[in-house]
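Please open the structure in your viewer and keep the selection panel at hand. The tour goes from one selection to the next, and at each stop it says what is there.

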Amino acid sequence: MGDARRGGCCPPMDLFRSEAMQLVQLIIPMESAHLTVSYLGELGLLQFKDLNSEKSPFQRTYAGQLKRCGEMARKLRFFKEQMLKAGVLPPDSATQVDTNIDDLEVKLAEHESELTEMNANGEKLQRSHNELVEYKLVLQKAGEFFQSAQSRAIEQQREYESQQQSGESMETPLLQDQELSTDSSKQVKLGFLAGLVPREKSMAFERILFRATRGNVFLRQSTVENPVTDPVSGEKIEKNVFLVFYAGERAKAKILKICEAFGANRYPFTEELGKQAQMIAEVSGRLSELKTTIDAGLLHRGNLLQTIGAQFNQWNLLVRKEKSIYHTLNMLSLDVTKKCLVAEGWSPVFATKQIQDALERAAFDSNSQVGAIFQVLHTRESPPTYFQTNKFTSSFQGIVDAYGVAKYQEANPAVYTIVTFPFLFAVMFGDWGHGICLLLATLYFILREKKLSSQKLGDIMEMTFGGRYVILMMSIFSIFTGLIYNEFFSVPFELFGPSAYACRDLSCRDATTEGLIKVRRTYPFGVDPVWHGSRSELPFLNSLKMKMSILLGVAQMNLGIVISFFNAKFFRNNLNVWFQFIPEIIFLNGLFGYLSLLIIVKWSTGSQADLYHIMIYMFLSPTDDLGENQLFPGQKTLQLVLLLLALVSVPWMLIPKPFLLKKQHEDRHRGESYAPLQSTEESLQVDSNHDSHGHEEFEFSEIFVHQLIHTIEFVLGAVSNTASYLRLWALSLAHSELSTVFYDKVLLLAWGYNNVIILVVGIIVFVFATVGVLLVMETLSAFLHALRLHWVEFQNKFYEGDGYKFYPYSFALLEDEDE
Amino acid sequence: MGFLVTTLIFVVIGIIASLCTRICCNRGPSANLYVSPNFGYHCNNMLLDDVSACLSGILVLWAIVYLAQMNPLIVPILNEGE
């Protein structure tokens, strides 16, 4: 079908037309469905249609299996997280292992429960470890309090005793002994609590304690130097050890509550020094024990993660494949007998054999008694657009696709974009020094392609890397245009022979007033170096580049219209050839083609004629004599003919096509009422499609308005698009002027000072300005303008771009997607 | 080198490049980067198309600049400083 439809006039061309597609129907026996889909996924040349779009995800056949896969994917994510935390990296090599998905599910579940248990145990151990550490701290700090307090008390007592013994004086109260004895008998039992409180809360803690007990507590705090791991939260916090003395049970209850509120952990503590030392020893022993347990646990966990990590990538791949297979199976509809699955999808015609092969293999491998049935359906639906691109062409195709995906089998502008895009870019970026810089940069990308494509790059780097072949072409072309413009970082070289100009006489007196004179043949390649820096450089280059822009623009727009001719031929649309292509080409060339002709004639004859004047008066008073502006004999007649042709071509474009379309439509309708009977199978297909797509309403007014818009757009566009190509001149002028400024005002100025430091600074500024402004920003702006010229001025002549892309079900695409 | 000579050079380069692409392309689909795997035999036409477009592009650019300088209406006037 596809080959027959490839137009006879133009040879078949890869990438020019999208691949011929067909809608295929597969009837797959239930038992081999899974294997079939998996083989098709490996092939990656079939785009399944969703036949259950009215069903919600839960109502579909394989919802349960999908859920299972989702669960496995969750487990794998959990493992990945754990591995990341533990610093275990899964190896990149993805050797294929034949693991059954059911085995894998069991294995994953085992590993998960093992890992969670280990994590829980580890956490518990860690917690008690932290508690013990805190306890040890409390023991040490509080022990210090008691020791210091006790030693002070002993001192005081000794002092007191010595006082008593020495001073049996008059001042000694008589009742002292009695008091003391009563004191000891009625002694209030002082209780105390020890613990740790976070440092930032310690002030508030103290205050609240004081208020709550009306000052009837005695609080001692001591800071812990190093932050302590909190057993509850597991975070490192700076803490204080506190010791509260209180009297009475009520006070104790209050203090306990306050401790709880402040998150202060309390630990048991004894007064006796001996017991304290014993406890410290005990705690230290337990600590070291716990430590070894934790270490052993961690080691075990690390080993487990290692074993998981070794196969993680394969498992991940397997699960993702499985999930996508069930997802695809869910798009198939169940046969009435419930024994078969029916799939519909688009595939390229060339893949028919491969798909059939895959089906056969699947049927054989799954020991199915019946093979899958493959048949091609006929439909009026528009197939998806599929271009087989490679790494070189894909970025150019991307430029076109960013505007719009081509209609099915429409002429693909990417074929021309490969050349014209870098070419127009280079016209705006003509400097072979800058071109070489770009070339080196992009060669770096291309030579290290393998390495760079596997690793993650930044956003901007990614984009540059993706467009490396575009940039390669751009840089090669800009080296060429740089040679033509004779600019190397804005400096001209006499590479192709001596300049054609010389002084009028030996004294060279009037070289600055009258100018030089042409003495030799024209400089053979590119712009004569003598123009650089002369006073007449700008007038000369402006006139040259402006005319050049018009010439290139008219050429590219003509190319666009010619492609529309190929499209019309290809789709057998003679109306478009006769009532769109021909008047368009006459109109454009009658006006701007003629202008291009005038430009070339003027150049080659060296005439002084004013082209503006000619063009303007061609419309205002076409019958007037041209006078001194005449470039060739018979020009006036030619102008009259061209003007008339252009005027005629406007109604030619506008009026006949809608009427002819109407007539065609009526003819078709008359034919339809007495159509010959079609073969049964086909008529069924056609009928089912007919209801949705058949009888399209023919609105004459709508068609006419559409044609009117098209005509107006083309006529006005011919003028405005030609003017739009002047951006080539503007940007190329800006580029050369900027680089001249950087060279003259930075590098040469710095050179003039004869000072090494100034020179170095000047060179640095020059390099940064060249890289930043010229190589990055100018490249971007020239790129954008070239993009615009392609999208608007070139593609609107022929490109519809209302198709949709072919997304085959493919495992290869699956991997990219998830990254 | 006159206009015709250089044009001829361009044309010769064009023919050589086209021949090269034909020869390179026929070496087999895997031998070069330009060919997509399945449709190796079609690529010739597209490559030739691109090569010819490319050469006509650079020929046109050169010709424009050459023509513009053939019969100068303005001549270079040197700056005072030089």
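This is a predicted model: local features need pLDDT of at least 70, side-chain atom pairs count only at pLDDT 80 or more; totals for chains, interfaces and linings use all residues.

Residues are numbered from 1 along each chain as its sequence is written, chains are lettered from A and ligands numbered from 1 in the order in which they are written, and side-chain values use heavy atoms, with hydrogens and water left out.

Begin by colouring chain A by domain, with bounds that come from an automatic or database domain assignment: domain 1 is 88–162 + 189–324, domain 2 is 393–492 + 532–797, and domain 3 is 496–531. The centres of domain 1 and domain 3 of chain A, taken over C-alpha atoms, are 91 Å apart.

Next, select residues 756–777 of chain A, one of the spans that UniProt lists in an unreviewed entry as "transmembrane region"; such annotations may be inferred rather than shown by experiment. This span of chain A is 100% helix, with 30 Å between its end C-alpha atoms. Helices here are DSSP runs (H or I, at least four residues), numbered from the N terminus.

Now move to chain B and select residues 46–68, which carry the UniProt annotation "transmembrane region", also from an unreviewed entry. The span in chain B is 100% helix, and its end C-alpha atoms lie 33 Å apart.

Show both chains together, and look for the 61 residues of chain A that are in contact (heavy atoms within 4.5 Å) with 41 residues of chain B. Between them the chains bury about 4,700 Å², 68% of it on carbon and sulfur atoms, where buried area is the accessible area (1.4 Å probe) that two parts lose on being put together, summed over both. Select A:D14, A:T522 and A:W603, which supply 12% of the area that chain A buries against chain B, more than any other three residues.

A:E112 lies in helix α4 and A:R74 in helix α3 of chain A, so the pair ties together parts that are 38 residues apart in sequence.

Note on methods
Helices (H or I, at least four residues) and strands (E, at least two) are DSSP runs, numbered from the N terminus.
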